[in-house]
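Welcome, and thanks for taking a look at this one with us. Please have the chain open beside the text as you read.

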Amino acid sequence: MATADKELAKAYAKSLAKSYAKKKAMHWAITTVGWPSILLALGIGLIILLIGTMLVFAAMLPFAMLVPESAVDIADGTGMAGLNIDLTKQYYDGPRGRFYTPVSGTITDAYGWRIHPVWGTRRFHTGIDIAAGAGTPVRSALNGVVIFTGNVKAYGKTVVIDHGGIQTRYAHLSRILVDIGDEVSGGHTIGEVGNTGISTGPHLHFEIWKAHGGILRHVNPLEYMGR
Ligand SMILES: [Zn+2]
């Protein structure tokens with residue numbers, strides 16, 4: 001029994017000492033190390049956050065500066081999502097005739113990879129942007145048949161013309177002057193330049209899609225416009 005009592009007393013003393021040591025350590029931590037280190041850590045964290053934010057803004061600045069000046073669209077580059085037409089079907093069956101530049105204006109954005117004017121991410125621009133005054137007539141590039149007119153999300157008021165193996169698409173129009181099924185000749189006015197959809201100013205977003213083995217793929221319009 002005496003041994004057991006001794007053991008108990010020893011354990012009690014040990015736990016007291018432990019509890020005291022713990023309290024002392026906590027007291028020491030809070031009074032001498034705790035709060036200063038906590039404040040220091042918070043301060044360093046805040047500075048890192050501020051520097052990080054500044055770096056992110058500095059990195060975005062060149063892209064942000066691209067936005068207001070030139071009239072470009074901020075379409076997502078995945079083509080005209082939601083366009084309900086059969087891409088594989090050839091609607092027009094006739095001579096395409098000569099190629100007309102769809103609108104006179106300044107090319108503000110080329111075909112190909114670009115930095116998204118708002119998100120700063122790399123996206124593929126499936127057409128070219130031609131800035132021109134709102135209301136400037138937009139012409140059909142070739143002889144063809146109108147296969148789509150209407151609103152397409154980011155592209156706004158849009159016309160799609162099939163030329164037989166080649167398709168042209170005209171977006172951000174303010175007015176559409178043709179109907180689905182209309183047969184148009186190259187140079188015929190099909191609408192007017194506008195700023196509909198997601199766009200930073202009046203311009204025409206112009207795409208050319210070409211059939212490759214039954215599948216239409218967008219191509220660089222400048223390759224056609226140069227000819
Ligand atoms: Zn565009």
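Here is a short tour, from the overall picture down to single residues.

This is a predicted model, and its protein chain holds three helices and 13 strands. Of the 227 residues of the chain, 30% count as buried. Among the contacts with a separation of 6 or more, 70% join residues 24 or more positions apart.

**Confidence**

- The protein chain has a mean pLDDT of 82, and 81% of its residues reach 70 or more.
- Residues 62-70 stay under 50 in pLDDT, and the model has 11 contacts beyond four places in sequence for them.
- Residues 75-79 also stay under 50, with 12 contacts beyond four places in sequence.
- Where pLDDT is low, the predicted coordinates should not be read in detail.

**Nonpolar cores**

- The largest nonpolar core has 26 residues, and those with the most contacts inside it are Ile130, Val138, Val159, Ile161, Tyr170, Leu173 and Leu204.
- At least two residues of this core come from each of strand 4 (128-131), strand 6 (144-152), strand 7 (156-162), strand 8 (166-173) and strand 12 (203-212).
- Strand 6 gives the largest share of this core, four residues.
- Another core, of six residues, lies apart from it and includes Leu142, Ile208, Trp209 and Leu216.
- In soluble globular proteins, nonpolar side chains tend to be buried together.
- Beyond four places in sequence, Val159 touches Val146, Phe148, Thr149, Tyr170, Leu173, Ile176, Val178, Ile190 and Gly191.

- Three strands make up an open sheet with the order 5-11-9 and antiparallel pairing.
- Strand 5 (137-139) and strand 9 (175-176) are at the edges with a single partner strand each, so one side of each is left without a neighbour in the sheet.
- Three bridges link strand 5 to strand 11 (residues 189-192) in the antiparallel sense.
- Opposite Pro137 stands Glu192 in strand 11.
- Thr189 has its place in strand 11 and is partly exposed, because 13 other C-beta atoms lie within 10 Å.
- Contacts of Thr189 beyond four places in sequence are Pro137, Val138, Arg139 and Leu177.
- Thr189 and Thr136 are 53 residues apart in sequence, while their C-alpha atoms are 9.8 Å apart in space.

**Leu142, a loop residue**

- Is Leu142 buried or exposed? Leu142 counts as buried, because it has 26 C-beta neighbours inside 10 Å.
- Leu142 sits in the loop between strand 5 and strand 6.
- Arg96, Gly97, Phe99, His163, Ile166, Thr168 and Gly186 are the residues that Leu142 touches beyond four places in sequence.

**Positive phi angles**

- Most residues other than glycine have a negative phi.
- Lys153 is not a glycine, yet has a positive phi of about 35°.
- Lys153 lies in the loop between strand 6 and strand 7 and counts as partly exposed, with 14 C-beta neighbours inside 10 Å.
- His172, also not a glycine, has a positive phi of about 70°.
- His172 belongs to strand 8 and is buried, because 31 other C-beta atoms lie within 10 Å.

Methods
Residues are numbered from 1 along each chain as its sequence is written. This is a predicted model: local features need pLDDT of at least 70, side-chain atom pairs count only at pLDDT 80 or more; totals for chains, interfaces and linings use all residues. A nonpolar core is a set of buried Ala, Val, Leu, Ile, Met, Phe, Trp, Tyr and Cys residues joined through C-beta atoms within 7 Å. A residue is buried if 20 or more other C-beta atoms lie within 10 Å of its own, exposed if 12 or fewer, and partly exposed in between; C-beta atoms are placed from the backbone. Two residues are in contact if their C-beta atoms, placed from the backbone, lie within 7 Å. Two strands pair if DSSP finds at least two bridges between them. pLDDT is the predictor's confidence in each residue, from 0 to 100.
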